[in-house]
Amino acid sequence: MHEAIHGYIDYFRATLSQSEFQIKFPLFAPGGILDAEHETMANNYINNLRAVIEGQNDSIADFMVDLMAWSGLQETAAYGAWRNSMPYGLSSEDIQASMNTFLHAASDNCGNGLPDGDSLGDFNFEPCN
Ligand SMILES: [Zn+2]
């Protein structure tokens with residue numbers, strides 16, 4: 001869904017005139033386009049992203065749903081606010097370490113697959129060789 005939102009915006013960027021695009025999406029033009037799209041997703045669509053993930057597998061742990069929904073949005077102010085709100089009673093450092101491990105596992109799973117995310121211990125960082 002994250003990439004679909006980029007695609008939706010890019011479709012209008014490609015098909016509208018520049019002035020029409022700026023009226024419809026004033027945040028995204030000109031410059032800083034990816035960052036602006038990510039801030040918009042983080043501010044307005046995080047619950048939609050969560051719902052899509054939960055719709056794929058309703059037994060997935062809430063913490064894993066959050067990590068998946070926020071992945072790609074870690075540079076946004078909203079992610080920082082969520083992390084610093086200490087969800088699940090975890091410190092912001094533990095949240096960040098878990099996100100880093102999730103991203104690492106998702107991009108290079110070392111043959112280990114994704115952790116199921118039902119306990120913080122699943123996120124103990126094991127570097128790939
Ligand atoms: Zn993105």
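A69 touches I46, L49, R50 and I53, leaving out residues up to four places away in sequence; two residues are in contact if their C-beta atoms, placed from the backbone, lie within 7 Å. This is a predicted model, in which local features need pLDDT of at least 70, side-chain atom pairs count only at pLDDT 80 or more, and totals for chains, interfaces and linings use all residues. Residues are numbered from 1 along each chain as its sequence is written. The protein has seven helices and zero strands. Helices (H or I, at least four residues) and strands (E, at least two) are DSSP runs, numbered from the N terminus.

**Overall layout**

- Along the sequence, the pattern reads α-α-α-α-α-α-α.
- The protein has 129 residues, of which 18% count as buried.
- A residue is buried if 20 or more other C-beta atoms lie within 10 Å of its own, exposed if 12 or fewer, and partly exposed in between, with C-beta atoms placed from the backbone.
- Among contacts with a separation of 6 or more, 50% join residues 24 or more positions apart.

- Helix α5 is mostly covered, with eight of its nine residues buried.
- The buried residues of α5 are F63, M64, V65, D66, L67, M68, A69 and W70.
- The largest nonpolar core has 14 residues. A nonpolar core is a set of buried Ala, Val, Leu, Ile, Met, Phe, Trp, Tyr and Cys residues joined through C-beta atoms within 7 Å.
- Inside this core, the residues with the most contacts are M64, L67, M68, A69, W70 and L73.
- Two or more core residues come from each of α3 (33-44), α5 and α7, and α5 gives the most, with seven residues.
- Just after α5, G72 has a positive phi of about 90°.

**How α4 meets α5**

- Two packed helices are described by the angle between their axes and the distance between the axes.
- The axes of α4 (residues 46-56) and α5 (residues 62-70) come within 9 Å and cross at roughly 125°. Axes are lines fitted to C-alpha atoms, for helices over the stretch in contact, and angles run from 0 to 180 degrees between N-to-C directions.
- This angle makes α4 oblique to α5. Angles under 35 degrees count as roughly parallel, over 145 as roughly antiparallel, 65 to 115 as roughly perpendicular and the rest as oblique.
- The crossing of α4 and α5 is right-handed; a crossing is right-handed if the near helix is turned clockwise from the far one by less than a right angle, and left-handed if anticlockwise.
- On the α4 side, I46, L49, R50, I53 and E54 make the contact, and on the α5 side V65, D66, M68 and A69 do.
- By class, this contact has six nonpolar, no polar and three charged residues. Ala, Val, Leu, Ile, Met, Phe, Trp, Tyr, Cys and Pro count as nonpolar, Asp, Glu, Lys and Arg as charged, and the others, Gly among them, as polar.

**D66**

- D66 lies in helix α5 and counts as buried because it has 23 C-beta neighbours inside 10 Å.
- Apart from neighbours within four places in sequence, D66 is in contact with R50 and P87.
- D66 and E54 are twelve residues apart in sequence, and their C-alpha atoms are 9.9 Å apart in space.

**The loop between α6 and α7**

- Most residues other than glycine have a negative phi.
- M86, which is not a glycine, has a positive phi of about 55°. M86 is in the loop between α6 (77-84) and α7 (92-107), and it is partly exposed because 13 C-beta neighbours lie inside 10 Å.
- Y88 also has a positive phi, near 65°, and is a residue other than glycine. Y88 is found in the loop between α6 and α7 and is exposed, with 12 other C-beta atoms within 10 Å.
- S92 lies in helix α7 and is in contact with R83, N84 and M86, leaving aside neighbours within four places in sequence.
- S92 and W82 are ten residues apart in sequence and 8.8 Å apart from C-alpha to C-alpha.

**F12 in helix α1**

- F12 is in helix α1 (residues 2-15) and is partly exposed, with 13 other C-beta atoms within 10 Å.
- Setting aside neighbours within four places in sequence, F12 is in contact with F21, K24 and F25.
- F12 and F25 are 13 residues apart along the chain, and their C-alpha atoms are separated by 9.0 Å.
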